[in-house]
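Subject: Structure handover

Hello,

Here is the structure you asked about. Please look it over before reading on.

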Amino acid sequence: DGRLQARRALERDLRTALLRGELEVHYQLQLDARGEEPVGVEALARWHHHERGWVPAEDFISVAEDTGLILPLGEQVLRTACAQAAAWPKVRVSVNLSPVQFRHGDLVELVRSALQDTGLDPTRLELEITERVLLTDTAGVLATLGRLRDLGVRIAMDDFGTGYSSLSYLQKFPFDTIKIDQSFVGGLEAQSEADAIVRAVLGLGRSLGMRTCAEGVETAGQLAFLQAEGCDEVQGYYLSRPLPAADIGRLLDPPMPAPATEAPEPPIGWAPATSAS
Ligand code: C2E
Ligand code: MG
Ligand code: MG
């Protein structure tokens, strides 16, 4: 009874927070295999509750999915992330989609209008789905994924390997990216089984022509293993935590370096600054 009441209270507060626009979107860098060059960012919903502080995403997302609030929440995250990415240099933005968004509302129209309203190039948007999306009405979901792909956006299989039949879905849809679940990445070095599984998934990605992204990279050793085995992209606390948009903007677009002391000949019409700084 206590748990139910707490959940109801969370639902009520989430509804109010959504209405007031109190939800935030943070972003986590996805880097090339060397762990140096940003290639994308993953948009992650964040909620700071006035009494509880930061509520874990998994907690409020599950409440939102049970109550239908995931529809306005998902739309807010999608529109915010597209608008934000349009203002950044050419990195991709990944947005997580819930199974509920496939069952209710017109997801294809929502994505089309978010792209149109923000002017974001569709090739810079990646939509992440988990196997949960494909569990029911697989044929209908595959048709929707095809229509989303027709818009020009990319589709990623998130948390790969944790479901019941991840492999069969790779056969049914040509995903652009496979995201290797952090439970496998976290076991690298410590468990030989994890090494073997990650190596196999990377080989699978190569054979199927799908990019691979390892989630939850937390150590230098894990990064070295992934590099050696040919993983395409990496994401995790070792490289960068999810951060507010302003902080990510500074990482993506660092200020121009100070001019070198031996400056090249200025072009004609160039006026040097008068103050010595
Ligand atoms: P996900 O899509 O697999 O996102 C990755 C999660 O792993 C994020 O948790 C991220 O903060 C966390 N993470 C990243 N690097 C590391 C690491 O090195 N170590 C560890 N231990 N964790 C790491 P977060 O933000 O709490 O989100 C949890 C899940 O909630 C997400 O998993 C996603 O399924 C869902 N979620 C978050 N935002 C949204 C959203 O806007 N819409 C939907 N539908 N789901 C969302
Ligand atoms: Mg994700
Ligand atoms: Mg994941």
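Predicted model: local features only at pLDDT ≥ 70, side-chain atom pairs only at ≥ 80, totals over all residues.

Residues are numbered from 1 along each chain as its sequence is written, chains are lettered from A and ligands numbered from 1 in the order in which they are written, and side-chain values use heavy atoms, with hydrogens and water left out.

Metal sites

Donors here are N, O and S atoms within 2.8 Å of the metal (3.2 Å for Na, K and Ca); water is not among the atoms, so sites may look incomplete. The magnesium ion (ligand 2) has Glu42 (OE), Asn96 (OD1), Glu128 (OE) and Asp158 (OD) as its donors, at 2.0 to 2.2 Å. Along the chain these donors of ligand 2 are spaced as E-x53-N-x31-E-x29-D. Glu42 belongs to strand β2 and Asn96 to strand β4 (residues 92–96), so this pair ties together parts 54 residues apart in sequence. Helices (H or I, at least four residues) and strands (E, at least two) are DSSP runs, numbered from the N terminus. Glu42 is buried at 4% relative accessible area, while Asn96 is partly exposed at 30%. Buried means under 20% relative accessible area, exposed over 50%, and partly exposed in between (1.4 Å probe, protein chains only).

Asp159 in strand β6 (residues 154–160) and Glu215 in the loop between β8 (211–214) and α11 (220–228) link distant parts of the chain, 56 residues apart. Asp159 is partly exposed, with a relative accessible area of 26%, whereas Glu215 is buried at 7%. Asp158 bridges the magnesium ions, ligand 3 and ligand 2, which lie 4.1 Å apart.

Ligand 1

Ligand 1 is surrounded by 23 residues, and the closest are Arg46, Asn96, Gln182, Glu218 and Tyr237. A residue is near a molecule or strand if one of its heavy atoms lies within 4 Å of it. Polar side-chain atoms of Arg46 and Gln182 each lie 2.8 Å from an oxygen atom of ligand 1. For Gln28, a polar side-chain atom is 3.0 Å from a nitrogen atom of ligand 1. On its own, ligand 1 exposes 800 Å², of which the protein buries 84%. These areas come from the Shrake-Rupley method with a 1.4 Å probe; for residues, only the protein chains shown count as cover.

Cysteines

The count of disulfides (pairs of cysteine sulfur atoms within 2.5 Å) is 0. The sulfur of Cys213 is 6.6 Å from the closest cysteine sulfur, in Cys231, which is too far for a bond. Cys213 is buried at 1% relative accessibility, and Cys231 is buried at 3%.

Arg34

Arg34 sits in the loop between β1 (24–32) and β2 (38–49). Its side chain makes a polar contact of 3.0 Å with the side chain of Glu36. A polar contact is a pair of N or O atoms within 3.5 Å; within protein, one must be able to donate a hydrogen and the other to accept it, and residues adjacent in sequence count only if both atoms are side-chain atoms. Leaving aside neighbours within four places in sequence, Arg34 is in contact (heavy atoms within 4.5 Å) with Leu223 and Gln227.

Regards
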